[in-house]
Amino acid sequence: MASSAATQQPHRSGRISMPRTSRISGFRDLSVEARRAAVAETADIAPESLAVLDPDQGLRVDLADRLVENVVGVMGLPVGIATNFVVNGRELLVPMATEEASVVAAASNAARIARVHGGFFTSTTAPVMQAQVQIVDVTDPEAARLRLLEHRDELVALADSQDPLLRELGGGVRDLTVRVVPSRAGTYVVAHLHVDVRDAMGANAVNTMAEAVADRAGEIAGGRTLLRILTNKADLRLARARAVFAADALGGAAVVDDIVHGAALAEADPYRAATHNKGIMNGISAVVLATGNDTRAVEAGAHSHAISPSGHYTSLSRFEKNADGDLVGTLELPMAVGLVGGATKAHPVAKAALSVLGVASAAELAEVVTAVGLAQNLAAVRALATEGIQRGHMSLHARNVATTAGATPEELPAVVARLVADKAVRVDHAERVLSELRANA
Ligand code: MEV
């Protein structure tokens, strides 16, 4: 990659990041081996560190056997690299684990459009997770709430004493809040511990704390403690991304207006919102999975955040036209991802993915993930607002079909073009096209 001292940028963490560009021309036409070499060079990591991306060198069965129960094997998923990303001025190649064709290409394409106006701009709140302690059989729930708050310092100190290492790292318990929750089976007093979990996803830390304070909280409230567990509605741990997509690069002013219409339907209509948000999660879950994080936790947090103040399910992102006529996209959602603990440290492919990203904190990872979600969303809504989703999808699917039929890399373009033109993206047709092509060669 071309490099010069002038392109060196101070990293948000204060590190000097290597000069690099995520805009690698012709990346998709390279062999897998050549792509890996380009990724290693761009990310400034040892090429050997990406060898774990080979199925036989990745997650071995004996390691898998230590991660979960009753292991009989390991399931592979493609890991693609989204190119073109710039996040807060930093060039990034983004590993994405997904089984869905066109996701990686679509994210890369949207990131290329965002580059015109500087890429993605992101921010996060502090990494505060919450644990809930449910207290049942309380005769005076409102008074119990205040009694618990009067003992806030005692309960916070008790919870904090569970994790001295977290405190050493600058994290720890930040607050205690208490809610009264009426339900069909009774009125519950629910205490929330707010914990800054630093670079962890945080489930283990906050669950341990919730269990540690449960008895005392029940005693103060005058009831019986029941559930003690984190909430995946991690709405104190938000990540945000914003990007401007130039009207010209999107296809013109009419495309901007139609994307705004498409996004407005998702805001107003839960049926469309579910699919719109699924498009966001195509990007988010792929990066969360590639980095060994908990996709279900992030998905639960995202969907819980998609409830509007008036109580209806809505879209997580917003698209507006700015004063210059360009499209501005924004996305904000809970993002409980970590860099320490769990599969992020144990899974060799997750470790390699994190080294490609070169992120220095969980917050930075959360921001990249959110930028990818916004890119993915823009790509889908743009396709839907213009030519429809199938044409792009089918030509990528045609590559898979042609490869399955035995096309060599040299034969691929011609076979793909025929399958798409004939509107017959099937293996039997690809085999026929391939024999014709070879007979005529
Ligand atoms: C398909 O995986 C995702 C989309 O349905 C998202 C959307 O409709 O916005 C294309």
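1. Start with the helix pair: helix 5 (residues 152-160) packs on helix 7 (residues 203-221) at an angle of about 155 degrees, and their axes lie 8 Å apart. That makes helix 5 roughly antiparallel to helix 7 (the term covers angles over 145 degrees). The crossing of the two helices is right-handed, that is, the near helix is turned clockwise from the far one by less than a right angle.

2. A word on the model: it's a predicted one, with local features needing pLDDT of at least 70 and side-chain atom pairs counted only at pLDDT 80 or more, while totals for chains, interfaces and linings use all residues. Residues are numbered from 1 along each chain as its sequence is written, and side-chain values use heavy atoms, leaving out hydrogens and water.

3. Who touches whom? From helix 5, Glu154, Leu155, Leu158 and Ala159 meet Met209, Ala212, Val213, Arg216, Ala217 and Ile220 of helix 7 (contact means heavy atoms within 4.5 Å). By class, this contact has 8 nonpolar, no polar and 2 charged residues.

4. On to the aromatics: the structure holds 2 aromatic pairs (ring centres within 6.5 Å). Phe85 and Phe120 have ring centres 5.4 Å apart and planes at 25 degrees, so this pair is stacked (planes under 30 degrees apart). Phe85 sits in strand 3 (residues 79-87) and Phe120 in strand 5 (residues 120-124), so the pair ties together parts 35 residues apart in sequence.

5. Finally, the domains: the assignment for the protein chain gives domain 1 (9-123 + 241-383), domain 2 (128-230) and domain 3 (390-440). Taken over C-alpha atoms, the centres of domain 2 and domain 3 are 59 Å apart.

How values were computed
Domain bounds come from an automatic or database domain assignment. Axes are lines fitted to C-alpha atoms, for helices over the stretch in contact, and angles run from 0 to 180 degrees between N-to-C directions. Helices (H or I, at least four residues) and strands (E, at least two) are DSSP runs, numbered from the N terminus. Angles under 35 degrees count as roughly parallel, over 145 as roughly antiparallel, 65 to 115 as roughly perpendicular and the rest as oblique. Ala, Val, Leu, Ile, Met, Phe, Trp, Tyr, Cys and Pro count as nonpolar, Asp, Glu, Lys and Arg as charged, and the others, Gly among them, as polar. Rings of Phe, Tyr and Trp (its six-membered ring) pair if their centres lie within 6.5 Å; planes under 30 degrees apart count as stacked, over 60 as edge-to-face and the rest as tilted.
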